[in-house]
Amino acid sequence: MTEPILKINHLSKSFGNHEILRDIDFNVYKGDVTSIIGMSGSGKSTLLRCINLLETPTSGDIIFNGENITSGAMSPTTYRAKVGMVFQSFNLFANMTVLENCMAGQIKVLKKSKDEARACALHYLDQVGMAPYINAKPRQISGGQKQRVAIARALAMSPEVLLFDEPTSALDPEMVGEVLSVMKKLANDGMTMLVVTHEMAFAHDISSKVVFMNKGVICEEGSPYELFGNPKKQETKDFLARFIER
Amino acid sequence: MERIIDLGHDMARIWAQYYPAYMTGVRNTLILAFIATLAGGIIGFICGILNTIPYSKNDPAVKRGFIAFIRAIVRIYVEFFRGTPMVLQAVFIFYGLPYFTFNKVQFTGNSGIWIASLIIVSINTGAYMAESVRGGILSIDRGQTEGAMAIGMNHIQTMTSVIMPQALRNIMPQVANNFIINIKDTSVMFIIGFMDLFAQHRNIVGINYAFFPSAAIEMLIYLAMTFTASCLLRFIEKRMDGNDNYELVLADIATAAGNYNFPNKGTPFDEQNREVAHMENEERINSEYVAENHFISQTPSAEQTETIGKGAQ
Ligand SMILES: Nc1ncnc2c1ncn2[C@@H]1O[C@H](COP(=O)(O)OP(=O)(O)OP(=O)(O)O)[C@@H](O)[C@H]1O
Ligand SMILES: [Mg+2]
């Protein structure tokens, strides 16, 4: 088998005395769509934030394309530019227009020319259906539109992996669909994605692998078919049962 | 009523006689207040940035110690200048510096008075602004920093392109406040001989004892200055906010961007589904935004054409 693009080795994270993540171990291969599911507070966000170095892991390694990120072989900023992140709360730059949001990173970090950055930004904004809104400020567009811009902003950096932390949970129900369809399109087009989500149907449909987290450890992982259809662990069964009840 | 008419006459008489003096006062007051607010703002920004340098427990002790030291200095500066009257600070600096340096450093002549006044008012404003800026930076949602970090920006890039512009906008009301306070409070600089508007009043009434008419003139001038400043700064705030409206770009950028050889061509988001995305847009535009935007036209305007042109490069 080929080398994984991202290798998480025995990663642990504590805040003070609280161990939030314990011995997390998994691989992400190119083109994989990995969904991470689990109860609130099980450490899903913390795991994504560790992977993006927004939090410093307490121990363990993150290997990106064979390079150990946690040992400082690659600077965090260089690494982050290659691993995009889409947040639950969008985090679009409030002082910039939609277009500028998608250009800033290309110009400042990738040192592209303005014209080049603009063309690239327009391309991805068009793909997420936000091209007509390039002159709008984030406060002038809806939540679903913000999230699509955020996805375009991440894509404009040409990332090798995209991390999503509950990209639809801050959205009104009628806007969830537009964001999920963009993500689905991305997945079909071969983007490597790591998605924390509470949208089980979505996880079931687009994932190549589903990871179930419970109390800071990976409780069970497998194909969506296995994990949803035939969960092995009692915790997984309980969790899924609760979701179906709702 | 008659008294008011009398006052009007007296004011007119005094104004006719002394207006050059008043105008000199206005000029000096405005120059001092403007430069000091600007310089104070810059000092405030520097202090605000120094006060918000992030550090974590994992950083080496030297770095943490250095940051703590800087913060202590800024704190002392702020507490001292915010906690003592400016009029005394003026005396302290104007007479204190020559005293301690055995007259090697002294503020002589008109330029000396100007320099001393500028220094004192700037430092004072800076002390107030330091706290405003710190608050302005802290008030920016942490998500903004994380959004910037997530696309690979370093601390300086994050500060200059994301946090500072927003913090600056947030503290504009305080900048306006300080400017207006400075227009008025520069009057205490008479203590070291600065000839601002109020000092002119003291001079004029010293000659003719027309205390009240002159004071009335001064009141009107001060009000005019502060009100103008206040309107001007509001206008600047509005400008910083940008237009409430924005132009929808209806032209088919897709065609233009399609020529761009994007790095992932053939991978995520390639041409497929374009039709659908495009139709969705048009629908949304028609349903939601027609009412709000005067600019709805199917033919690209000159500006749009330019957009397309740039996109195609
Ligand atoms: N900065 C922090 N300091 C201390 N504790 C934290 C911090 N961030 C998260 N935690 C704790 O870590 C645990 C896991 O949080 P996390 O946000 O990763 O959960 P989650 O699985 O993403 O939950 P949700 O589904 O609600 O988003 C929580 O108990 C939380 O209180
Ligand atoms: Mg979470």
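1. Strands, as the term is used in this note, are DSSP runs of E covering at least two residues, and they are numbered from the N terminus. The model under review is a predicted one.

2. The backbone of Asp23(A) deserves a remark. Its phi is near 50 degrees, a positive value in a residue other than glycine. Asp23(A) counts as partly exposed because its relative accessibility of 43% falls between the limits of 20% for buried and 50% for exposed.

3. Phe90(A) is not a glycine, yet its phi is positive, at about 65 degrees. Phe90(A) is located in the loop that joins β6 (83-86) to α3 (98-108) in chain A. With a relative accessible area of 12%, Phe90(A) is buried, since that class takes in values under 20%.

4. Which elements of the two chains contribute to the lining of the largest pocket? The pocket itself has a volume of about 1200 Å³. Two or more lining residues come from each of β1 (6-15) and α2 (76-82) in chain A, and from each of α4 (109-138), α5 (142-150) and α6 (155-185) in chain B. The greatest contribution is that of α6(B), with four residues.

5. The lining of the largest pocket comprises 35 residues. Those nearest the centre of the pocket are Pro54(B), Tyr55(B), Ser56(B), Arg142(B) and Met149(B). By residue class, the lining consists of 15 nonpolar, 11 polar and nine charged residues.

6. A nonpolar patch lies on the surface of chain B. Its members are Ile31(B), Phe34(B), Ile35(B), Leu38(B), Ile42(B) and Ile46(B), and together they have about 560 Å² of accessible area. Ile35(B), one of these residues, is part of helix α1 of chain B, which spans residues 2-51.

7. Is Gly25(B) buried or exposed? Gly25(B) is buried, because its relative accessible area is 0%. As to position within the chain, Gly25(B) and Asn103(B) are 78 residues apart in sequence, and their C-alpha atoms are separated by 29 Å.

Key: Residues are numbered from 1 along each chain as its sequence is written. Chains are lettered from A and ligands numbered from 1 in the order in which they are written. This is a predicted model: local features need pLDDT of at least 70, side-chain atom pairs count only at pLDDT 80 or more; totals for chains, interfaces and linings use all residues. Side-chain values use heavy atoms; hydrogens and water are left out. On a 1 Å grid over the protein atoms alone, a cavity is a set of points where a 1.4 Å probe fits but cannot get out, and a pocket is an open set with protein on both sides within 12 Å along at least five of seven lines; lining residues have an atom within 4 Å of a point. Grid points are joined across faces, edges and corners, and a volume is the space filled by probe spheres set on the points. Ala, Val, Leu, Ile, Met, Phe, Trp, Tyr, Cys and Pro count as nonpolar, Asp, Glu, Lys and Arg as charged, and the others, Gly among them, as polar. Patches are made of residues with over 30% relative accessible area and no salt bridge: like charges are joined within 9 Å, nonpolar side chains (Val, Leu, Ile, Met, Phe, Trp, Tyr) within 5 Å. Accessible areas come from the Shrake-Rupley method with a 1.4 Å probe; for residues, only the protein chains shown count as cover. A salt bridge is a side-chain nitrogen of Lys or Arg within 4 Å of a carboxyl oxygen of Asp or Glu. Buried means under 20% relative accessible area, exposed over 50%, partly exposed in between (1.4 Å probe, protein chains only).
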